[in-house]
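Please read them with the structure open beside you.

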Amino acid sequence: MNDNLYMAKAIQLAKEGLYTTQPNPRVGCVIVKDGQIVGEGFHARAGQPHAEVFALRQAAQHAQGATAYVTLEPCAHYGRTPPCANALVEAGVSRVVMANLDSNPLVAGKGQAILENAGISTTVGVLENEAKSLNQGFFRRMQGGLPYVRLKTAASLDGRTAMQSGESKWITGTEARRDVQKLRAQSGAMITGIGTVLADDPSLTVRPEEWLDWHYGEPVQPLRVVLDSQLRTPLNAKILQQTGVVIVSQHATTHPHALALQALGAEIWSFAPPSDLDEGREWILKQVLQKLAERGVNEVLVEAGATVAGAFIQAHLVDELIVYLAPTLLGSEARPMFELPFTQMAQQQRLNITDMRRVGGDIRLTLNR
């Protein structure tokens, strides 16, 4: 039996939940009997049935004696849904192939144990890396780490993001801006700075109407986080017109403006960072990411100006950098992508290009450390 072939199909199914499953992982399942796929499914949204349930429903009686291919170890605990490991046992499958064991302490090998104790053969590690890449933030968070951080920016060929006046609409084309909606949709939270809020007055929402091939149901809007140390967020800012906004400040939550923001539905996180500017920035960013992890956020998208973007890079908190590069020149007076006050070549941070493709009239570069 071709384990790689069927696991690849399960991974493809898991991708169907790329934009809707958070905080849950994206999982796909394929059930095969006598060389034929008899059932398949994927997890679409938290609170709804898991991938194995949909696949077993489709397979029905054909699941007896079949092999199930799952991109993540079947759950072994009662959450919003019953344990999938038990469902596979009850269906009578004879073998379960898993790409990865779950790093969730509630599962962590327990699902595999339930299967093996029932006499079901198990195999782990088929297309492990390919499946894990779908849930990098989930695996990291479940192991007590921070969310997976993507930093997105749009720039001209000469590395500029706005004119000196702050004018920035639009550097990239329509297709690139639509593509950004996909990055937002797969993120549990977005982070920006007060400078961006004051200059652009963004909503930072997922807008499926701008995404022509949207077919995933109602999007899960990411939590929006504004780094605003001095509480300058205007009460009429567009970002406050939606629920799920966090303002990160050094002022107490009893500050008059903080109370006014809270009255509009914003949540205030108050931090007193170390006095050293660079250490203080890094400390705050780590605290914010930690609190987001505690809230179940697996992936974070940073859409911000040069100061915040540079701070994330200097703090070594960026896992993936995504640059939309437009075939235009804004000139030496325009604003740079990152505030990185390097003075020596030894300070440079070299990155690896993991993907490069054309998006409309622009180039999208994906890089990591």
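1. I begin with Thr192, which, leaving out residues up to four places away in sequence, touches Val197, Leu204, Val225, Val226, Leu227, Glu303 and Ala304, a contact being heavy atoms within 4.5 Å. Thr192 lies in strand β8, residues 189–193, where strands (E, at least two residues) and helices (H or I, at least four) are DSSP runs numbered from the N terminus. The relative accessible area of Thr192 is 0%, and the residue is therefore buried; buried means under 20% relative accessible area, exposed over 50%, and partly exposed in between, with a 1.4 Å probe and protein chains only. The side chain of Thr192 also reaches the backbone oxygen of Glu303 at 2.7 Å.

2. Before going further, please keep the basis of these values in mind. This is a predicted model, in which local features need pLDDT of at least 70 and side-chain atom pairs count only at pLDDT 80 or more, whereas totals for chains, interfaces and linings use all residues. Residues are numbered from 1 along each chain as its sequence is written, and side-chain values use heavy atoms, with hydrogens and water left out.

3. On the overall fold, the protein has eleven helices and 16 strands. Its radius of gyration is 23 Å, close to the 21 Å that the globule rule gives for 369 residues, so the protein is as compact as a globular protein of that length; the radius is taken over C-alpha atoms, and the rule is 2.2 Å times the number of residues to the power 0.38. The C-alpha atoms fill a box of roughly 70 × 50 × 45 Å along the principal axes. Of the 369 residues, 50% count as buried, and of the contacts with a separation of 6 or more, 69% come from residues 24 or more positions apart.

4. Glu299 is buried, with a relative accessible area of 4%, and its side chain makes polar contacts with the side chains of Arg26, at 2.4 Å, and Arg150, at 2.7 Å. A polar contact is a pair of N or O atoms within 3.5 Å; within protein, one must be able to donate a hydrogen and the other to accept it, and residues adjacent in sequence count only if both atoms are side-chain atoms. Beyond its neighbours within four places in sequence, the contacts of Glu299 include Leu134, Pro147, Tyr148 and Gln186.

5. Which residues of helix α11 are buried? They are Ala306, Val308, Ala309, Gly310, Ala311, Phe312 and Ile313. Because seven of the nine residues of α11 (residues 306–314) are buried, the helix is largely enclosed by the rest of the structure. After α11 comes His316, whose phi is positive, near 60 degrees.

6. Two further helices may be read side by side. In α3 (residues 84–91), Leu88 counts as buried at 0% relative accessibility, and, leaving aside neighbours within four places in sequence, its contacts include Glu52, Leu56, Val93 and Leu115. The C-alpha atoms of Leu88 and Ile268, 180 residues apart along the chain, are separated by 45 Å. In α7 (residues 174–185), Thr174 is partly exposed, with a relative accessible area of 37%, and its C-alpha lies 9.1 Å from that of Glu210, 36 residues apart in sequence.
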